[in-house]
Amino acid sequence: MKYRIKKETKPTLPTYGKYKAVAVHYQTVESRQIVKEAAQRMGTHPSNVRGVLLSLAEVINNHLREGDRVRLEDWGMMKLEIESEKVDNLKDFKAKKHIRGVRLHFLPASNEGTQALYQGITFEKDKNE
């Protein structure tokens, strides 16, 4: 995994002015490429994989919107988390005013504390920095 060193530029953060490593992403792999590669591995037509992928996305999204956690074997667990402002008094809280948004939280599958998703990652400084 390639990385670059960046300086924290947000003055409100306690880490302002400090340096950190950030991942470099050179490309975005679109669903059609994922479908093509999966179909080749499975020995099936891409339209079959695309149909399954679309159905899975619809089912998973519906469960997430209902507040369910979704665990996919050998991949991980997903859940939606609410981002909200903090208030001093419980009676002052108004959802429309204080809830800023929703974020998808993904926890990779773990086997005895080891996450397969992270195994084999090596770090290399980006030469284009």
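In what order do the 3 strands of the open sheet with mixed pairing stand? The model is a predicted one, and in it these strands follow the order β2-β1-β6. The strands at the edges are β2, residues 19-23, and β6, residues 124-125, and each of them pairs on one side only.

The two pairings of this sheet may be taken in turn. Strand β1, which covers residues 2-7, runs antiparallel to β2, and 5 bridges join the two.

Tyr-3 has Lys-125 in β6 as its bridge partner, while Arg-4 stands opposite Val-22 in β2. Lys-7 has its bridge partner in β2 as well, namely Tyr-19.

Lys-7 lies in strand β1 and is partly exposed, with a relative accessibility of 46%. Its C-alpha atom is separated by 8.9 Å from that of Ala-21, a residue 14 positions apart from Lys-7 along the chain. Lys-6 also belongs to strand β1, and its relative accessibility of 41% places Lys-6 in the partly exposed class. Between the C-alpha atoms of Lys-6 and Gly-17, which are 11 residues apart along the chain, the separation is 9.5 Å.

The model also contains an open sheet of 3 strands in the order β3-β4-β5, with antiparallel pairing. Here β3 and β5 stand at the edges with a single partner strand each, so one side of each has no neighbour in the sheet. On average, neighbouring strands of this sheet are turned by 25 degrees against each other, direction ignored. The antiparallel pairing of β3 with β4 extends over 3 bridges. Within this pairing, Leu-72 has Gly-76 of β4 as its bridge partner.

The loop between β3 and β4 holds Asp-74. The phi angle of Asp-74 is near 65 degrees, a positive value in a residue other than glycine. Glu-112 is placed in the loop between β5 and β6, and with a relative accessible area of 79% Glu-112 is exposed.

How many aromatic pairs does the count give? The count comes to 1 aromatic pair. In general, such a pair is described by the distance of the ring centres and the angle of the planes. The rings of Trp-75 and Phe-106 have centres 5.6 Å apart and planes at 55 degrees, so the pair is tilted. The tilted class is reached because planes under 30 degrees apart would count as stacked and planes over 60 as edge-to-face.

Trp-75 lies in the loop between β3 (70-72) and β4 (76-84), and Phe-106 lies in strand β5, residues 99-108, so the pair ties together parts that are 31 residues apart in sequence. Trp-75 is partly exposed, with a relative accessible area of 48%. Phe-106 is likewise partly exposed, at 29% relative accessibility.

Trp-75 leads on to the pocket. The largest pocket has a volume of about 480 Å³. It is lined by 17 residues, of which Leu-53, Leu-56, Ile-60, Leu-72 and Trp-75 are the closest to its centre. Thus Leu-72, the bridge partner of Gly-76 in β4, and Trp-75, a member of the tilted ring pair, are both among these residues at the pocket.

Which elements give two or more residues to the lining of the largest pocket? They are α1, residues 31-42, and α2, residues 46-65. Helix α2 gives the most, with 9 residues.

Terms used
Residues are numbered from 1 along each chain as its sequence is written. This is a predicted model: local features need pLDDT of at least 70, side-chain atom pairs count only at pLDDT 80 or more; totals for chains, interfaces and linings use all residues. Side-chain values use heavy atoms; hydrogens and water are left out. Rings of Phe, Tyr and Trp (its six-membered ring) pair if their centres lie within 6.5 Å; planes under 30 degrees apart count as stacked, over 60 as edge-to-face and the rest as tilted. Helices (H or I, at least four residues) and strands (E, at least two) are DSSP runs, numbered from the N terminus. Buried means under 20% relative accessible area, exposed over 50%, partly exposed in between (1.4 Å probe, protein chains only). On a 1 Å grid over the protein atoms alone, a cavity is a set of points where a 1.4 Å probe fits but cannot get out, and a pocket is an open set with protein on both sides within 12 Å along at least five of seven lines; lining residues have an atom within 4 Å of a point. Grid points are joined across faces, edges and corners, and a volume is the space filled by probe spheres set on the points. Two strands pair if DSSP finds at least two bridges between them. Axes are lines fitted to C-alpha atoms, for helices over the stretch in contact, and angles run from 0 to 180 degrees between N-to-C directions.
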